[in-house]
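Please examine the sequence and the structure shown below.

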Amino acid sequence: MNLTTNYLGMELKSPLVPSASPLSQEVDNIKLMEDAGAGAVVMHSLFEEQLTLEKYELHHHLTYGTESFAEALTYFPEPADFRVGPQEYLEHIRTAKEQVNIPIIASLNGFSFGGWTEYGQLMQQAGASALELNIYYVPTNPDLTSAEVEQNYIDILQSVKKSVTIPVSIKLSPYFTNTANMAKRLDRAGADGLVLFNRFYQPDINLETLEVEPQVLLSTPQAMRLPLRWIAILYGHIHSSLAATSGIHNAQDIIKMLMVGASTTMLCSVILRNGINYLKSLQEDVIKWMETHEYESVRQMQGTMSQLNCPDPTAFERAQYMKVLQSYQPGSEKKDTNLNADKLIGHR
């Protein structure tokens, strides 16, 4: 079975790619990912805050004046909580590159120009096969227009593209006014790939302490519907590679993403829950499904169920919304869940 796929112009042995997570902070884990069948690995992110200020200078600026509001001291991590600094991150790339044969994709996480250009170059020099720009930006200024927000993405991408020769992907938010237009603009600006979608961690309120607390919630299978729809819509209309992320938990999810046009399926929550070796089970299940349905390669199925190629293109648009509401029967969601579970158990 041929599982190879092309992502960012790179030939990967498999479409299974562990996305940025704490697991990649250890080179031994990256080696395990390669052995388990990963086609590439996205490194844990280097944060913009780590680039713009030295560790203790950052601490000074973040905590200056907060003594008047004690709860503000909990908003930002202590300097020691930043596990890896800029220089250590670069050395981590070098070490990983020396010990594995799969592509290492460095990840930069931020919201402004910062030191992205300089460190993009340094990451390339350290051996990164590609860069993933994770623009984690929540606009809170009511005077900031959507056009200005979108232009910030374009400007960051173009500045990084000018400074490196390796491929650059950009991890997108799902909250643009017109996702299709934004994807097209990024494609024209030189994005080698688009990763759909970034999951913004939402705050919660502790009712006992009356404090706002950060919450890290792992994805659920339902989250895969959003990237599935947009990859299906974008496939064939832009040149950038499309990577699916969020909510991919089993082989069926992987196959669906490939069928709508994804080049890779990026996995995080499922590996954190089940361990790195679960990649082997996922790959085995993908191969079994392909054999049963007489597919010889990933490329053969890629894009076959995209909006461009599926029998009913309106299924990804408003017409399907009306059809679903008209056909809905109370209690049917429980029945469907049981049926899907039975199918999955039978498949395994």
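In this predicted model, Met-123 touches Leu-46, Tyr-89, Leu-90, Ile-93, Ala-106, Ser-107, Leu-108, Ala-128 and Leu-131, leaving aside residues up to four places away in sequence. Met-123 belongs to the largest nonpolar core, which has 81 residues. Among the residues with the most contacts inside this core are also Leu-133, Tyr-153, Ile-170, Leu-186, Leu-194 and Leu-279. Helix α9, residues 251-260, supplies the largest share of this core, namely seven residues. Apart from it there is a second, separate core of twelve residues, including Val-17, Ile-105, Val-195 and Met-266.

Helix α9 also packs against helix α11, residues 278-292. Two packed helices are described by the angle between their axes and the distance between the axes. For α9 and α11 the angle is about 60° and the axes are 8 Å apart; the two helices are therefore oblique to each other. Their crossing is right-handed. From α9, the contact is made by Ala-251, Ile-254, Ile-255 and Met-259, and from α11 by Leu-282, Asp-285, Val-286 and Trp-289. Of these residues, seven are nonpolar, none is polar and one is charged.

Most residues other than glycine have a negative phi, and most peptide bonds are trans. The peptide bond from Leu-196 to Phe-197, however, is cis, with omega near 0°; Phe-197 lies in the loop between β8 and β9. Leu-8, in the loop between β1 and β2, has a positive phi near 60°. Glu-294, in the loop between α11 and α12, has a positive phi of about 60°. Leu-8 counts as buried because its relative accessibility is 5%, whereas Glu-294, at 67%, counts as exposed.

Terms used:
Residues are numbered from 1 along each chain as its sequence is written. This is a predicted model: local features need pLDDT of at least 70, side-chain atom pairs count only at pLDDT 80 or more; totals for chains, interfaces and linings use all residues. Side-chain values use heavy atoms; hydrogens and water are left out. A nonpolar core is a set of buried Ala, Val, Leu, Ile, Met, Phe, Trp, Tyr and Cys residues joined through side-chain atoms within 4.5 Å. Buried means under 20% relative accessible area, exposed over 50%, partly exposed in between (1.4 Å probe, protein chains only). Helices (H or I, at least four residues) and strands (E, at least two) are DSSP runs, numbered from the N terminus. Contact means heavy atoms within 4.5 Å. Axes are lines fitted to C-alpha atoms, for helices over the stretch in contact, and angles run from 0 to 180 degrees between N-to-C directions. Angles under 35 degrees count as roughly parallel, over 145 as roughly antiparallel, 65 to 115 as roughly perpendicular and the rest as oblique. A crossing is left-handed if the near helix is turned anticlockwise from the far one by less than a right angle, and right-handed if clockwise. Ala, Val, Leu, Ile, Met, Phe, Trp, Tyr, Cys and Pro count as nonpolar, Asp, Glu, Lys and Arg as charged, and the others, Gly among them, as polar.
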